[in-house]
Amino acid sequence: MKKIIKSTLLLAVILLGSCASQQSLQEYYIDNQENPNFISLDIPASILKMEVAELTDGQQAAVNSLKKFNLLAFKKTDKNSSDFKIEKARVKEILKNDDFVELMKINSRYGKGVVKYLGDENAIDEVIIYGASEEQGFALVRVLGKDMNPAHIVQLMQAIQKSDYNGEGLGEIGKFLKG
């Protein structure tokens with residue numbers, strides 16, 4: 001009888017342990033929206049003011065595939081540097097998930113980062129841009145859309161350069177992203 005109880009308990013522990021899943025990026029955003037170390041914004045794609053820019057057909061298709069941007073930034077200070085290390089590690093762990101496909105790595109004078117996506121390469125529903133600086137903090141940008149593809153990312157960057165958008169409406173996160 002004791003063996004049966006022990007076996008049952010062991011099986012229950014194993015099952016519960018295997019059911020524990022990794023936090024999703026969306027859950028991470030939601031969990032940290034009210035955290036004072038973070039700046040959080042949901043921005044409609046219309047804020048980019050693309051309707052006045054002269055866009056190629058490819059650029060217009062890229063813009064039309066966008067829905068919105070979710071921005072979450074951790075502003076590092078002297079007081080929260082230990083929290084910064086913890087949160088940065090949490091984000092990196094989430095982004096290790098096999099569901100994320102890496103498009104490119106970023107290594108600039110501002111910091112290091114990565115661009116990844118979720119979905120099929122011909123119909124991307126979410127692009128994730130992550131960048132971190134040991135001095136400034138880190139930022140996560142979720143680009144949400146419908147049927148985006150990797151070529152759209154390049155087209156979108158070109159379209160933003162053509163637009164009159166100068167960061168209006170970003171508030172605190174605009175200041176953070178400028179350094």
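Which side chains meet in a salt bridge at 2.7 Å, N to O? They are those of glutamate 126 and arginine 142. A salt bridge here is a side-chain nitrogen of Lys or Arg within 4 Å of a carboxyl oxygen of Asp or Glu. Glutamate 126 belongs to strand S5 and arginine 142 to strand S6, so this pair ties together parts that are 16 residues apart in sequence.

Before I continue, a word on the source. This is a predicted model, in which local features need pLDDT of at least 70 and side-chain atom pairs count only at pLDDT 80 or more, while totals for chains, interfaces and linings use all residues. Residues are numbered from 1 along each chain as its sequence is written, and side-chain values use heavy atoms, with hydrogens and water left out.

I turn to the overall fold. The chain contains 6 helices and 6 strands, where helices (H or I, at least four residues) and strands (E, at least two) are DSSP runs numbered from the N terminus. Their order along the sequence is α-α-β-α-β-α-β-β-β-β-α-α. Of the 179 residues, 37% count as buried; buried means under 20% relative accessible area, exposed over 50%, and partly exposed in between, with a 1.4 Å probe and protein chains only. The accessible surface of the chain is about 11,300 Å², and carbon and sulfur atoms hold 54% of that. These areas come from the Shrake-Rupley method with a 1.4 Å probe; for residues, only the protein chains shown count as cover. Among contacts with a separation of 6 or more, 63% are between residues 24 or more positions apart, a contact being heavy atoms within 4.5 Å.

Next, the interior. In soluble globular proteins, nonpolar side chains tend to be buried together. I use the term nonpolar core for a set of buried Ala, Val, Leu, Ile, Met, Phe, Trp, Tyr and Cys residues joined through side-chain atoms within 4.5 Å. The largest such core has 17 residues, of which Leu25, Tyr28, Val91, Leu95, Tyr130, Phe138 and Leu140 touch the most other members. Two or more residues each are given to this core by helix H2 (25–32), strand S2 (66–75), helix H4 (81–95), strand S5 (123–133) and strand S6 (137–148). H4 supplies the largest share, 4 residues. A second, separate core of 13 residues includes Ile43, Ala45, Phe69 and Leu71.

Valine 91, leaving aside neighbours within four places in sequence, is in contact with Tyr28, Tyr130, Phe138 and Leu140. Leucine 25, in helix H2, counts as buried at 4% relative accessibility. With the neighbours within four places again set aside, leucine 25 is in contact with Ile94, Leu95, Phe100, Glu126, Ile128, Leu140 and Arg142. Leucine 25 and leucine 95 are 70 residues apart in sequence, yet their C-alpha atoms are 7.8 Å apart in space.

That contact list for leucine 25 includes Glu126 and Arg142, the partners with which I opened. How accessible is each of them? Glutamate 126 is buried at 10% relative accessibility, and arginine 142 is buried too, at 7%.

I come to the remaining charged pairs. Side chains of opposite charge can pair when their charged atoms come close. The chain has 4 salt bridges by the stated rule. In one of them, glutamate 87 pairs with arginine 90, the closest N and O atoms being 3.2 Å apart. Both residues lie in helix H4, 3 residues apart, about one turn of the helix. Glutamate 87 is buried at 9% relative accessibility, whereas arginine 90 is partly exposed at 31%. In another, glutamate 93 pairs with lysine 96, with a closest N to O distance of 3.7 Å. Glutamate 93 is partly exposed at 41% and lysine 96 is exposed at 58%.

Finally, helix H3 and the surface. In H3 (residues 57–64), Gln59, Ala62 and Val63 are buried. Seen down the helix axis, these buried residues fall within an arc of 95 degrees, so they line one face of H3; the arc is that of the directions from the helix axis to the C-beta atoms. The face turned away from the buried side carries the exposed residues Asp57 and Asn64.

Elsewhere, Leu103, Met104 and Ile106 make a nonpolar surface patch of about 200 Å². Patches are made of residues with over 30% relative accessible area and no salt bridge; like charges are joined within 9 Å, and nonpolar side chains (Val, Leu, Ile, Met, Phe, Trp, Tyr) within 5 Å. Isoleucine 106 lies in strand S3 (residues 101–108) and is partly exposed, at 33% relative accessibility.
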